[in-house]
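Colleague: I am new to this model and would like a close look at one part of it, the surroundings of the ligand. Please take it slowly.

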Amino acid sequence: MTDIRFNPNHKVVVLTGAGISAESGIKTFRDNNGLWESHNVYDVATPEGFSSNPRLVWQFYKQRYAQLSQVEPNAGHYALVELEHFLKKNFCLVTQNIDGLHKKAGNTEIIEMHGTLKKVLCSKCNSKYKMSEVNLEEELPRCLSCNGILRPDVVWFGEVPYKLELISRKTMMADFFIVIGTSGVVYPAAHFLILAKQNNAYTIGVNKDLPDNYHFIDEFHKGLSGSILPSLVKKWINHEQS
Ligand code: BJW
Ligand code: ZN
């Protein structure tokens with residue numbers, strides 16, 4: 001394994017998935033006890049599911065929103081704050097998570113490619129509101145300006161994720177691309193690792209199991225991100241040997 005060290009001029013892109021929040025108590029999607037277990041993915045995470053049963057979809061996302069007030073970032077999230085402090089503008093954090101834990105930990109430059117649970121979107125006029133401004137007692141929250149049905153501002157299957165152009169650009173310029181806690185099953189997120197490799201980045205994986213797209217990883221660290229990421233980051237930024 002290469003003994004890599006970052007310097008502040010290195011451009012580093014980090015892509016995180018549900019695994020980084022697992023140790024905060026948020027269930028991942030595809031592990032055995034995953035979130036989707038009692039729900040068919042297509043019922044709760046597609047525009048078609050929302051059209052046919054918006055109440056069920058709202059029930060699902062209200063539960064997940066309520067959970068956010070009870071969870072805290074873990075050591076894996078905080079390690080990425082340390083990395084951002086070291087790299088400053090050369091650090092780019094892309095997350096598929098909608099839980100806001102990277103921001104709560106203290107990262108500032110975060111691209112939430114699958115949206116966020118903190119906002120809602122009008123399905124009719126596209127107005128956006130904070131989830132905290134919405135009356136969640138209502139079964140189907142409504143838009144204040146057009147009375148359309150509001151929906152969580154998240155990206156469902158069949159929809160185009162946010163900021164793809166920006167993420168592609170950052171990825172193509174990266175010296176290092178680090179994928180943490182994502183199964184590599186969902187595209188286009190899974191494609192960024194491939195794009196990074198094609199553009200000669202050194203690619204690093206951190207996961208408790210090998211992801212689907214592991215062929216594109218140069219250096220893999222098997223383990224729980226909350227346990228192993230803090231010492232990896234310290235080593236990468238040369239604070240201490242470990
Ligand atoms: C740990 C750990 C610990 C656990 N430490 N590790 C056929 C082929 C290819 C693509 C398609 C296809 N058919 C359809 C598609 C497209 C589709 C897709 O990819 N489907 C696949 C399932 C096949 N994609 C889309 O529809 C996307 N849009 C799209 O393609 O638009 C068209 C287009 C785009 C661009 C260019 C041109 C056209 C949209 C995808 C939206 C995904 N949305 C969701 C829901 C978001 C809202 C919500 O959260 O409710 O996003 S689905 C769900 O999956 C969520 C996640 O962000 C996403 C990824 O999951 P993630 O994060 O990888 O979690 P898990 O559970 O899968 O994995 C956890 C990992 O952590 C595991 O590896 C564990 O080992 C690990 N782990 N504990 C370290 N402690
Ligand atoms: Zn509206």
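How far is an oxygen atom of ligand 1 from a polar backbone atom of Phe29?

Modeller: The distance is 2.7 Å, in a model that is predicted. Local features need pLDDT of at least 70 and side-chain atom pairs 80 or more, while totals for chains, interfaces and linings use all residues. Residues are numbered from 1 along each chain, chains are lettered from A and ligands numbered from 1 in written order, and side-chain values use heavy atoms, without hydrogens or water.

From Thr182 it is a polar side-chain atom, at 2.7 Å from a ligand oxygen. These are polar contacts (N or O atoms within 3.5 Å). Of the 1,500 Å² of accessible area (Shrake-Rupley, 1.4 Å probe) that ligand 1 has on its own, the protein covers 76%. Helices H1 (19–22) and H4 (54–68), DSSP runs of at least four residues, each give two or more residues to the shell. The shell (heavy atoms within 4 Å) holds 35 residues, and Tyr61 is among the closest.

Tyr61 is buried (under 20% relative accessible area), at 3%. Tyr61 lies in H4 and Trp156 in the loop between E6 and H7, so the pair ties together parts 95 residues apart in sequence. Trp156 is also buried, at 3% relative accessibility.

Definitions and conventions
Polar contact = N/O pair within 3.5 Å; in protein donor to acceptor, adjacent residues only side chain to side chain. Buried < 20%, exposed > 50% of the residue type's maximum accessible area, 1.4 Å probe, protein only.
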